[in-house]
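Visitor: I would like to go through this model term by term. Please set each value against its definition.

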Amino acid sequence: MIRLDLALTGQRGRRGRRAEEAGDQTLLPMAMYELGGARWSRGDLEGAEQHWRRSLQLAQQIGDERAQGHGFNGLAVLAICRGQPMEARRHLEQATAVFERLGMLGPLVVARANLIEVYADSGVLRKALTLADRTLSQSEEASFPQGIAIGKGWRSRVLVRLGRLDEAEREADQALAIVTRLEIRDDEAMIRSVRVEAALRARPPAEVLARIEALQQVLEIHDAERIANEVRGWQAATLAQLGRTDEAAAVLEDAVAPPAKSWPHVQVRTDLAVGRALAALGRPGPAREVLQRALGLAEANGFRYFQLVAHLELHRIADDASVRDRHHRVASGLARSLAANLPADEAARFLVHHDVA
């Protein structure tokens, strides 16, 4: 889940007014950053970019490293929303370097969470796991509960993709206990979604459905990442497994059409979930259409992990042997490429998990 520094929530506009009243230029970089955050939260990416670039420029002029780190994180968030993972990665690596040097653990955890997501979606799973481990260990050393929860939550999501499902569930359960105690709703939504992802491969459908329903209750209050349609796709596929096909079809009616302003990485995940659900309902034609859209988005935005998943799903429902073989061949090549930098046992598990061993 992409994020800004939640410690700034409620500050929007205050620093700007204080800077104007006092004529203090040192307050302006963070004021611009906060105004950019307000624009971003309303979906105004152009307005957010204008304020964040101004914030970074001012911070560099006066040598405010803290504000520079926030500026880099803001620009990275924009790049993620626009499907530009390489630019996002560059900005986030700058932001994390600044915050780590300054010893600012809260903003560091936020920027690292964004960077882990970029790594994981791009298929750089070893770096994603290493960074999640590092975030978790530093947060534990500092007794920073939200950082522990975020570290465990992201570690769990990467472990799901690596096929380490039991371990992923343990981490997610521990993270969930922390965020429910602290009542951090946005983190709770992310962690509950990871628990569903793990359960989809390892738990009976009835248990999966219970986890989905618990997640949807949170999303009614807080869905900053706009994952409601992805979750509906999971729900429809699970209902189809339980033989409740009419209910599954009704759920899908609200999830098939892409939202007008969905972030690319969220839309890819949504299309994958909806495509699986359509296939589970015995509608291979519409499923192929949605999954091809997911593949196109993944290829256009450099999401190599999602390219792998899309090829695997298309392989399963192809109606032509040559097309089926092509999808499997491409998926096998992608899986081996993504596994190349993993330790040998991890690589073998990854290939088995994705049915290309």
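Visitor: What makes the residues from Ala79 to Phe303 the lining of the largest cavity?
Guide: The model is a predicted one; local features need pLDDT of at least 70, side-chain atom pairs count only at pLDDT 80 or more, and totals for chains, interfaces and linings use all residues. Residues are numbered from 1 along each chain as its sequence is written, and side-chain values use heavy atoms, with hydrogens and water left out. On a 1 Å grid over the protein atoms alone, a cavity is a set of points where a 1.4 Å probe fits but cannot get out, and lining residues have an atom within 4 Å of a point. Ala79, Ile80, Gln84, Pro85, Ala88, Glu117, Val118, Asp121, His265 and Phe303 line the largest cavity.

Visitor: Which helices supply at least two residues each of that lining?
Guide: They are helix 4 (65-81), helix 5 (85-102) and helix 6. Helices are DSSP runs of H or I, at least four residues, and strands are runs of E, at least two; both are numbered from the N terminus. Helix 6 gives the largest share of this lining, three residues.

Visitor: How do the lining residues of the largest cavity divide by class?
Guide: Six are nonpolar, two polar and two charged. Ala, Val, Leu, Ile, Met, Phe, Trp, Tyr, Cys and Pro count as nonpolar; Asp, Glu, Lys and Arg count as charged; the others, Gly among them, are polar.

Visitor: How much space lies in the largest cavity?
Guide: About 70 Å³. A volume is the space filled by probe spheres set on the grid points, which are joined across faces, edges and corners. The structure holds three cavities of 30 Å³ or more.

Visitor: What makes a space a pocket instead?
Guide: A pocket is an open set of points, with protein on both sides within 12 Å along at least five of seven lines. The largest pocket has a volume of about 690 Å³. It has 25 lining residues, and Leu200, Arg201, Arg276, Val309 and Glu313 are the closest to its centre. Two or more lining residues come from each of helix 8 (145-162), helix 10 (185-202), helix 12 (228-241), helix 14 (264-280) and helix 16 (304-317). By class, this lining has 12 nonpolar, four polar and nine charged residues.

Visitor: Why is Glu197 called buried?
Guide: Buried means under 20% relative accessible area, exposed over 50%, partly exposed in between, with a 1.4 Å probe and protein chains only. Glu197 has 14%, so it is buried. Its place is in helix 10. Glu197 touches Arg157, Val160 and Trp234, not counting residues up to four places away in sequence. Contact means heavy atoms within 4.5 Å.

Visitor: Is Tyr119 buried or exposed?
Guide: Tyr119 is at 6%, so it counts as buried. Tyr119 lies in helix 6.

Visitor: Why is Ala59 called buried?
Guide: The relative accessible area of Ala59 is 0%, so the residue is buried. Ala59 is in helix 3 (residues 45-62). Leaving aside neighbours within four places in sequence, Ala59 is in contact with Pro29, Asp64, Ala67 and Gln68.

Visitor: Why is Ser143 called exposed?
Guide: Ser143 has 59% relative accessibility, so it counts as exposed. Ser143 sits in the loop between helix 7 (125-141) and helix 8. Its phi is positive, about 55°, although Ser143 is not a glycine.

Visitor: What about Glu183, buried or exposed?
Guide: Glu183 is exposed, because its relative accessible area is 65%. The loop between helix 9 (165-182) and helix 10 holds Glu183. Glu183 has a positive phi of about 60° and is not a glycine.

Visitor: What makes a set of residues a nonpolar core?
Guide: The members are buried Ala, Val, Leu, Ile, Met, Phe, Trp, Tyr and Cys residues joined through side-chain atoms within 4.5 Å. The largest core has 112 residues; Trp40, Leu272, Leu308 and Phe350 touch the most other members. Helix 6 (residues 105-122) gives the largest share of this core, 10 residues.

Visitor: How confident is the predictor?
Guide: pLDDT is its confidence in each residue, from 0 to 100. The protein averages 91, and 92% of the residues score at least 70.
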